[in-house]
Amino acid sequence: MIIDTNVYVSRWPFRRLHGDEIPELIAKLRSHDVSQAWTGSFDGVLHEDVAAVNEQLAESCRTLGQGLLIPFGTVNPTLPDWQEDLRRCQENHKMPGIRLHPSYHGYTLDDQRFFDLLRQAVERKMVVQLALNMEDERTQHPLLRVSEVDTAPILRLLPNLPGLRLVIQNRKRKPSGKLLGRLSYHGEVYFDFAMLEGVGGISKFIEEIPGDRVLFGSYYPLFYFESALLKVKESELSKAQRDAIFNGNARLLLEP
Amino acid sequence: MIWDLHVHFSNFKGRTPHEKMANAVKFADRMGIERFMLYLGFPPHPEDPTPEGLTKINNQVLEALQHWHHRAFGFVYLNPNHLEFSLKEFDRCVRDGPMVGVKLWIARKCNTPELDPIVERAASTNAVIFQHTWVKVTGNRPGECSPSEFAELAARHPAIPIICGHTGGDWEHGIRAVRAHKNVSIGIAGSDPTNGFVETAVRELGPERIIYGSDAGGRSFASQLAKVQGANISDEAKKLILGENLKRMLAPILKRKGIEA
C-alpha cells in the first residue's frame, strides 16, 4: 500500500498527459496499490485566482476522488490577502496542507511573506509542501523559464518556526551535501524523490538524511508513475525501510 | 529481455573498472537488465579529449569488459577533432577489438564533415553509431549538437543507421527533427521520465525506431525504464524498445565477430 505525496490534477500548461483526467488518474494509482494521494493542482502554478483553483481542486477530490485524493491547496504569498486563501484551504476545504510553487510565483525563501505564510501554516497545524522544480530547466518553454528554488534560507527560518512540517518536493540538485542533512536534523523537514536521480539513489539519500524523512512521491501525471516505484526497487532497502517510504512516514506526518 | 543502450561508470562504486562493472551488473540484475552498452571511462569525462585521453578512457572500458562479455558491450569514444587518431582508435577497439559501437559526444558539432569518415568507417564494420544530442533552452555547449544538426549528418548518410542520443533532451523537439530520416533511431536515455515521451515517439516514429537506454549511473535505471514500462503502448512495442531493436541493430557486427547473444 502506497501513500503518494506528490500528485497533481488538472492540466499541465504545455502538453496533455495520460492521467490528467481524474478517472484515469485514479485508475492508474489504484493499479499500483495507492491508497492515498496528496493532490495539488497544476492550475495553481500559473493561475492568479488561486481561490478558484482551490475550490475546484477540493470539489474534484470530493466528487471524483473516490476517497483517494487528498487536496493540498495553492497559496501565493505575493498576492493580496493570501491569508484568506490559507483560511479557506483549512476551514472551508478541509485541506491538511498546502503546496507552494515559489519559482513560478516570483519569490525567494528569504522573503518575509514566505516566512509569514509558514508561521500561519504552523499555527493552523498544516503541512507545507514546497515544490522546488516542475521540470528540467533545460527543457522549459523558452518564454517561461524559472530556476530551481534555492533552499538555503530555510535553515535560518527553522529555529523560528517550531512545529513546522515541511515537505520538499521535486528536489534536483539543491539542497545538497551538508545543507540537506542539516535541514532534516534541525527541523521536521521531509523529502520526496520524484526528481532524485543516480543509480540506487534512495539508498544514497538515506545515508544523508534520516530514513523517516523520505516520502514516496511520484509526480504523476507529469512523470511516469513507475519511475518512483522502480526507484524503490532499484535501491537496496530493508522491508521496514520500504514500508516507511511507501506509507509509514507519510501516515505519521499527517497524524494530528 | 532488456538491453540498455547507455551506461557509464559514473556513480557506480569501485576503484577499478572491474569493481565498477561488478556494481553496475549488480544494479542491472536488480532491474532485470540482461546486457548494457558501456562507454566513456571514469568521470569526469573530457569534452574534447586528446588522443592520449581517448586511449586511456577506452582502455578503461576494455578492461571493464574483460570478464563481463556476457553482460556488456563496449562503444569506443572518438573525437573528430583528432580524426586520424580516431580512425586508428576505432580500428584498435572495434575492428580489431571487442567493441561494437561508436560514441560521439560534444567535441565538435556533428553536422561538420569531419564526422563523415568516422561514420563511414563504423558502417564498414556494421558498428552501431551513437551521437549525443541536446537542445537546451539554457544554451548548448560549444560542440554540442542539436537534433536538427544531427539530422544533417543523418541526411548525408541515409543508408547508415545512426542513433540520436537523448532524443535531444527536449524530446518533443527531437522527435520532430529526426522524424523524416528513416535511418535514425532515437535513444531515450538521460532525461526526466516525462509522461508521454515514449507514446509520442511511437506515434511519430513507430516502435522500431526507439531504443531504451538509461544513462546510468548518472541517471537511475529506474526512471528511464519507467519511460517504457509505464508507457501506454502495446506489450509488443515495449519489447522492441526495451531490447529487440538494439539487438537487431547489433546483430550484424555481433555476427561478424562471432558473438552469440
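These legends accompany several close-up views of a predicted two-chain model.

A note on reading them: residues are numbered from 1 along each chain as its sequence is written, and chains are lettered from A and ligands numbered from 1 in the order in which they are written. Local features need pLDDT of at least 70, side-chain atom pairs count only at pLDDT 80 or more, totals for chains, interfaces and linings use all residues, and side-chain values use heavy atoms, with hydrogens and water left out.

**View 1. Chain A as a whole.** Let's start with the fold: chain A has eleven helices and eight strands (DSSP runs, H or I of at least four residues for helices and E of at least two for strands, numbered from the N terminus). Its C-alpha atoms fill a box of roughly 45 × 40 × 40 Å along the principal axes. Of the 256 residues in chain A, 61% are buried, meaning under 20% relative accessible area with a 1.4 Å probe, protein chains only. Among contacts between residues at least 6 apart in sequence, 76% join residues at least 24 apart; contact here means heavy atoms within 4.5 Å.

**View 2. Where chain A meets chain B.** Here 32 residues from chain A and 39 residues from chain B take part in the contact. Together the chains bury about 2900 Å², 55% of it on carbon and sulfur atoms (the accessible area, 1.4 Å probe, that two parts lose on being put together, summed over both). There are 23 residue pairs in polar contact between chain A and chain B, both residues at pLDDT 80 or more. A polar contact is a pair of N or O atoms within 3.5 Å; within protein, one must be able to donate a hydrogen and the other to accept it, and residues adjacent in sequence count only if both atoms are side-chain atoms. On the chain A side, α9 (201-208) and α10 (225-234) are the elements that give two or more residues, and α10(A) gives the most, with six residues.

**View 3. A salt bridge across the interface.** Take a look at Lys172(A) and Asp192(B), whose side chains meet in a salt bridge at 3.1 Å, N to O. The count between chain A and chain B is four salt bridges, each a side-chain nitrogen of Lys or Arg within 4 Å of a carboxyl oxygen of Asp or Glu.

**View 4. Helix α5 of chain B and its cover.** The buried residues of α5(B) (residues 147-156) include Phe150(B), Leu153(B) and Ala154(B). Among the elements that cover the buried residues of this helix are α4 (115-124), β5 (128-132) and α6 (171-178) of chain B.

**View 5. Backbone features in the loops.** Most residues other than glycine have a negative phi, and most peptide bonds are trans. A cis peptide bond joins Pro43(B) and Pro44(B), with omega about 0°; Pro44(B) sits in the loop between β2 (35-38) and α2 (51-65) of chain B. Tyr219(A) has a positive phi, near 60°, and lies in the loop between β8 (214-215) and α10 of chain A. Tyr219(A) is buried, with a relative accessible area of 0%. His166(B), also not a glycine, has a positive phi of about 65° and is buried at 4% relative accessibility.

Conventions:
Buried < 20%, exposed > 50% of the residue type's maximum accessible area, 1.4 Å probe, protein only.
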